[in-house]
Amino acid sequence: MAGRAQPSGPAGSGGGAPGLLPLLLLLLSAAAIIPRGDGQNLVTEDVTVVEGDVATISCRVKNSDDSVIQLLNPNRQTIYFRDFRPLKDSRFQLVNFSNSELRVSLTNVSISDEGRYFCQLYTDPPQEIYTTITVLVPPRNLVIDIQKETAVEGEEIELNCTAMASRPATTIRWFKGNKELTGKSEVEQWSDMYTVTSQLLLKVGREDDGVPVICLVDHPAVKDLQTQRYLEVMYKPQVRVSQNYPLQGLTREGEPLELTCTAFGKPQPTDMRWLRVDDEMPQHVVVSGSNLLISNLNKTDNGTYRCEASNAVGKSHADYMLFVYDTTATTEPAVHDSRAGEEGAIRSVDHAVVGGVVAVVVFAMLCLLIILGRYFARHKGTYFTHEAKGADDAADADTAIINAEGGQNNSEEKKEYFI
């Protein structure tokens, strides 16, 4: 303000007019003994800032009476006295000054800047309130260590993700693809910093090959900080047998048959062979790599044909059940279901055999119904006639005959004549 002398900095704080130095020293001495009031007329807020960013401190007066406002650091050194900065730290810059507010920015914040900053208002009695600066430090490094670079399906592997030197301690989350997994975390504290290591135990299968495992950091100072490793899983071959010819219809006697074996694994299968289960391979069968060809089928070719494939991890197989029909056969063909097997073959289902079994069962049921019908027809119930009525009560045989004859005579009274 015009005509008003500006207060100078305290001794050792640098700058200021020499004539005003005693006055400023007096004010600072008084500030050091100002009792802390309830701050009823001062307003401020706590500040949370990421290391290296800018923190803004605001001291506001609700009902201004032109009293002096000043800002002190955690060591109670004056940063700003009104709009004058006695402190030599140039990272503090005046943003706004008026009778109702003193706003100061602090650039390139470090952990050493954390603490309480005091706003003072010279009233009667003096008032003081503090604001707390909290400095957040994001993890400086995020690393995934994997126990084995290459795993075999069925194995359990260990992965460790480490987030170093953060403040506060970070939370680590695990994902396999889009599925979240649960790990076990340990926290170590070094001075004011925290290092977190999370361990994940994962049982891998062939479906996990090439899938990313992601370590993601949940921390207030950083967003979307993550690192990932791609799983490499070796697994046994997956084998499949397909029928190239005939494409549809029966495998008839005298016709050709062509089968193809395909196998996928990691590493890729290097050894593939055909064999006939429980019997020798017919001499007229031609095997060329993954293909099996029978140019002229006959009934001696019936049986199960197996394709085996192996790699460094193990061996797998798939089976094809062959049934050769007569040339005149018109029934539906058997369904050959050839899929990979590790313990044994998966047998196919012959619909003709199933149809025969059903026919036998139906015939047996019809025979049973006929027998039951005849039985019930012959045993409908017990019937009584009026022949020799009264003979049962006779004392001897002669009397019984007489009574019987009487009964017959009576029956003659009720004759019917048909013309």
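Start by selecting isoleucine 79 and everything in contact with it (heavy atoms within 4.5 Å). Leaving aside residues up to four places away in sequence, Ile79 touches Leu71, Leu72, Asn73, Phe84, Arg85, Pro86, Leu87, Phe92 and Tyr117. Before you zoom further: this is a predicted model, where local features need pLDDT of at least 70 and side-chain atom pairs count only at pLDDT 80 or more, while totals for chains, interfaces and linings use all residues. Residues are numbered from 1 along each chain as its sequence is written, and side-chain values use heavy atoms, with hydrogens and water left out.

Now widen the view to the largest nonpolar core, which has 23 residues. A nonpolar core here is a set of buried Ala, Val, Leu, Ile, Met, Phe, Trp, Tyr and Cys residues joined through side-chain atoms within 4.5 Å; buried means under 20% relative accessible area, exposed over 50%, and partly exposed in between, with a 1.4 Å probe and protein chains only. Which residues have the most contacts inside this core? Pick Leu71, Ile79, Phe92, Leu102, Tyr117 and Ile133.

Colour by strand next (a strand is a DSSP run of E, at least two residues, numbered from the N terminus). β2 (47-50), β3, β4 (69-72), β5 (78-81), β7, β8 (115-121) and β9 (127-136) each supply at least two residues of the core. The largest share, four residues, comes from β3. Apart from this core lies another, of 20 residues, among them Ala163, Leu181, Val196 and Cys215.

Back to β3, and on to its sheet. Four strands make an open, antiparallel sheet in the order β1-β3-β7-β6; strands pair if DSSP finds at least two bridges between them. At the edges, β1 (42-43) and β6 (92-97) each pair on one side only.

Walk across it:

- β1 to β3 (residues 55-61): two bridges, antiparallel, with Val43 opposite Arg60.
- β3 to β7: six bridges, antiparallel; Cys59 has Leu102 as its bridge partner.
- β7 to β6: five bridges, antiparallel, with Gln93 partnered by Ser105.

β6 and β7 form a hairpin, with three residues between them.

Last stop: β20 (residues 257-266). Eight bridges join β20 to β19 (residues 233-245), antiparallel, and Gln238 stands opposite Phe264.
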